[in-house]
Amino acid sequence: MQYEDRVDALVAPKGSLEMLSQDEISRLSEESGPLHDLFHRCALAILNCGSDSDDPQAATEEFKDFEIRIVQQERGVKLQLKNAPGSAFVDGKMISSVREMLFSVLRDIIFTQHEILARGLEDASSDKLTNVVFELLRNANVFRRIQNPDMVVCWGGHSIARHEYDYTKRVGHELGLRELNICTGCGPGAMKGPMKGAAIAHAKQRIKNGVYLGLTEPGIIAAESPNPIVNQLVIMPDIEKRLEAFVRVGHGIVVFPGGAGTAEEILYILGILLHPKNAGVPFPLVFTGPKESAEYFEQIHAFIGEVLGSEAQNKYRIIIEDEVEVARAMKQGMEEVRQYRKAHQDAFYYNWKLHIPEEFQYPFEPTHEKVRELNLHFNQETHLLAADLRRAFSSIVAGNVKAQGVAYIKEFGPFEIHGDKALLAKLDALLQAFVRQQRMKLPGSAYVPCYKVITD
């Protein structure tokens, strides 16, 4: 069946924000203002959820005639759409999941701008930043659906092979059969597969309130549009708060194959778990993939050992081609988390006890100057090295798929990564492996590196 390429519609909210102040409407409607531009970009990403491109500019170019406007009515607000992507509609009616996520975008952008960023967070303490993440999640009603330690965060790439994607579904299915819920970055690939598998398993177990939580950010949403299985979407202001939300709301993490973004996530969680204050905090962490991906995890494991040491390697398990064992490990880990939280009077819905150093919290916007200044040397505490390695990978992600990063690369050329010669040689080898394995871009699209590793 052929659907219309463009649709005009007046859409009412479903399951989210219904009322706005005149000031909020004015700021969102100011077409030359940053808030309207942000809302426009995020809304288009939601509506273009059927896209198979990870080019942040592609949707903007394809739908350059797309318009969105807020209409205030006596009974609440509606959104007036013009030339919206037809894939978001069936017979002229917007798909329910798309409509929910569209108004989630409106809710999160308004709350972030008015209630959070207006306070000024430039010199905020670590505790204050943690409370900001809490407030963003609470405003999105995330906590009401977390009654026990049962939230498995699944990380992995949007650009993965078909056999890897099928494996993520099998793992998600086994997790769902054990009544565990799923949280991902909400995009395609390894973010979609576990949700899809868990949704089928939840149906088998007659679980009607399964949670498929998607956490994203404005910089990444255009390249990784939310997949339609997400039934709870939250847009965090930046990657640092997004990553903190993952580890605060999740009770364990499963890592599938991926590229620079997955390496960033791995370094983030390992850097936190390596901090002395987190020595006794249980946090199940499993790296897994099909047998064809064994080499990938051997490379990751070797890199972690050479750069962060054996203590970091002891923070996770690697399980290859065994989705049942992965699910069992997570289920057992959830019980350990439950016992620890009970013993320490910590909440099930938010991991307050986990200490996150400020180095992992303050926003890092990659610029050529900031990337050159990263401290990539061995003569520092391990968790601090992990923090700057995380920033290096974050810079590559920005240069690959984030609009601002892509613009910097286009204007000034590749980011230059400097540091210890031996360390950078290991980093370069890992990145080259990602390129060979087509983990930097979706298959079929040529990859032009957005970085240079300066080893001499």
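Helix axes, as used in these legends, are lines fitted to C-alpha atoms over the stretch in contact, and the angle between two of them runs from 0 to 180 degrees between their N-to-C directions. Helices (H or I, at least four residues) and strands (E, at least two) are DSSP runs numbered from the N terminus. The model is predicted, so that local features need pLDDT of at least 70 and side-chain atom pairs count only at pLDDT 80 or more, whereas totals for chains, interfaces and linings use all residues. Residues are numbered from 1 along each chain as its sequence is written, and side-chain values use heavy atoms, with hydrogens and water left out.

**View 1. The protein chain as a whole, with its helices, strands and buried residues.**
The secondary structure of the protein chain comes to 17 helices and 14 strands. Of its 456 residues, 58% are buried, where buried means under 20% relative accessible area, exposed means over 50%, and partly exposed lies in between (1.4 Å probe, protein chains only). When contacts (heavy atoms within 4.5 Å) are taken between residues at least 6 apart in sequence, 77% of them join residues at least 24 apart.

**View 2. Helix H11 packed against helix H17.**
Helix H11 (residues 294-307) and helix H17 (residues 421-436) pack at an angle of about 165 degrees, and their axes are 10 Å apart. The two helices are therefore roughly antiparallel to each other, on a scale in which angles under 35 degrees count as roughly parallel, over 145 as roughly antiparallel, 65 to 115 as roughly perpendicular and the rest as oblique. H11 passes H17 in a left-handed crossing, the term for a near helix turned anticlockwise from the far one by less than a right angle, with clockwise giving right-handed. From H11, the residues Tyr296, Gln299, Ile300, Phe303, Glu306 and Val307 meet Leu423, Lys426, Leu427, Leu430, Ala433, Phe434 and Arg436 of H17. Sorted by class, this contact of H11 with H17 holds nine nonpolar, one polar and three charged residues; Ala, Val, Leu, Ile, Met, Phe, Trp, Tyr, Cys and Pro count as nonpolar, Asp, Glu, Lys and Arg as charged, and the others, Gly among them, as polar.

**View 3. Helix H15 crossing helix H17.**
The axes of helix H15 (residues 382-401) and H17 come within 13 Å and cross at roughly 40 degrees, and the crossing of this pair is right-handed. Leu385, Phe393 and Ile396 of H15 make the contact with Leu423, Leu427, Leu430, Leu431 and Phe434 of H17. By class, the contact of H15 with H17 comprises eight nonpolar, no polar and no charged residues.

**View 4. Leu308 in the largest nonpolar core.**
A nonpolar core is a set of buried Ala, Val, Leu, Ile, Met, Phe, Trp, Tyr and Cys residues joined through side-chain atoms within 4.5 Å. The largest one has 88 residues, and those with the most contacts inside it are Leu137 and Leu308. Leaving aside neighbours within four places in sequence, Leu308 is in contact with Leu267, Leu270, Leu274, Phe303, Thr382, Leu385 and Ala386. Apart from this core lies another, of 59 residues, which include Cys154, Phe256, Val326 and Met330.

**View 5. Helices H6 and H7, with Ala198.**
Helix H6 (residues 162-177) and H7 have axes that come within 6 Å and cross at roughly 35 degrees, in a right-handed crossing. Residues of H6 in the contact include Gly172, His173 and Gly176, while those of H7 include Gly193, Gly197, Ala198 and Ala201. The contact of H6 with H7 divides into six nonpolar, seven polar and three charged residues. Ala198 is found in H7 and, at 0% relative accessibility, counts as buried. Beyond neighbours within four places in sequence, Ala198 is in contact with Gly172, His173, Gly176, Ile182 and Tyr212; the C-alpha atoms of Ala198 and Tyr212, 14 residues apart along the chain, are separated by 8.6 Å.

**View 6. Loop residues Cys186, Pro228 and Gln345.**
Most residues other than glycine have a negative phi. Cys186, however, has a positive phi near 75 degrees; Cys186 is placed in the loop between strand S7 (181-184) and helix H7 (193-204) and is buried, at 0% relative accessibility. The C-alpha atom of Cys186 is separated by 8.8 Å from that of Pro228, 42 residues apart along the chain. Pro228, in the loop between helix H8 (218-221) and strand S9 (232-235), counts as partly exposed at 45% relative accessibility, and its contacts, leaving aside neighbours within four places in sequence, are with Ser97 and Met101. Gln345 also has a positive phi, of about 50 degrees; Gln345 is located in the loop between helix H13 (323-343) and helix H14 (368-372) and counts as exposed at 68% relative accessibility.
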